[in-house]
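Take a look at the fold below. Then follow this short report through its helices and rings.

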Amino acid sequence: MVVLFILFLSLLWHPVSMIVFFLVFVAWFFLYFDRPNLVVVFGRVLDDRVVLGLLGIVTVIALVFTNVGLNVLVALIVGVVFVGLHAAFRGTKDLFLDEESAVEGGSVSVFGV
């Protein structure tokens, strides 16, 4: 989520690119991530790999034609640095819960057991 926010901030100075990437995002969302049925074009069912490849090509073409490739690359590098810093400094000692403290704290479901 942080990487997408940084990418959004980097595209604020390129409004045409932001509109193009929003349209590409909508295409990714409806054609790949949130579709209940298969994609059918001219009566033929497209495989997921074909849809993935076509959407990837459309994304690369959008990067080339809007001339923000370097801007997006720098934003993604900054986002990866933020994610790496978060991973390096995150404390993981309190992530695990033993059974006795789970029962005492009410974290165990009565209906699932």
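This is a predicted model: local features need pLDDT of at least 70, side-chain atom pairs count only at pLDDT 80 or more; totals for chains, interfaces and linings use all residues.

In which hand does H1 pass H4? The crossing is right-handed.

Residues are numbered from 1 along each chain as its sequence is written, and side-chain values use heavy atoms, leaving out hydrogens and water.

**Overall layout**

The chain has five helices and two strands. Along the sequence they follow the pattern α-α-β-β-α-α-α. Helices (H or I, at least four residues) and strands (E, at least two) are DSSP runs, numbered from the N terminus. Exposed means over 50%, and partly exposed lies in between.

**H1 against H4**

Two packed helices are described by the angle between their axes and the distance between the axes. Helix H1 covers residues 2–10 and helix H4 covers residues 69–89. Their axes come within 9 Å and cross at roughly 145°. Axes are lines fitted to C-alpha atoms over the stretch in contact, and angles run from 0 to 180 degrees between N-to-C directions. On the H1 side, the contact (heavy atoms within 4.5 Å) is made by Val2, Val3, Ile6, Leu7 and Ser10. H4 brings residues including Ala75, Leu76 and Phe82. By class, the contact has eleven nonpolar, three polar and no charged residues. Nonpolar covers Ala, Val, Leu, Ile, Met, Phe, Trp, Tyr, Cys and Pro; charged covers Asp, Glu, Lys and Arg; the others, Gly among them, are polar.

Ser17 sits in helix H2. Ser17 is buried, at 4% relative accessible area. Beyond residues up to four places away in sequence, Ser17 touches Leu11, Thr66 and Val68.

The whole structure holds five aromatic pairs. Rings of Phe, Tyr and Trp (its six-membered ring) pair if their centres lie within 6.5 Å; planes under 30 degrees apart are stacked, over 60 edge-to-face, and the rest tilted. Two of the pairs are edge-to-face:

| Pair | Centre to centre | Angle between planes |
|---|---|---|
| Trp28 and Tyr32 | 5.8 Å | 80° |
| Phe29 and Phe30 | 5.2 Å | 80° |

Trp28 and Tyr32 are four residues apart in H2 (residues 15–33), so about one helical turn separates them. Trp28 is buried at 19%, whereas Tyr32 is partly exposed at 28%. Phe29 is partly exposed at 33%. Phe25, Phe29 and Phe30 form one aromatic cluster.

Notes: Buried means under 20% relative accessible area, exposed over 50%, partly exposed in between (1.4 Å probe, protein chains only). A crossing is left-handed if the near helix is turned anticlockwise from the far one by less than a right angle, and right-handed if clockwise.
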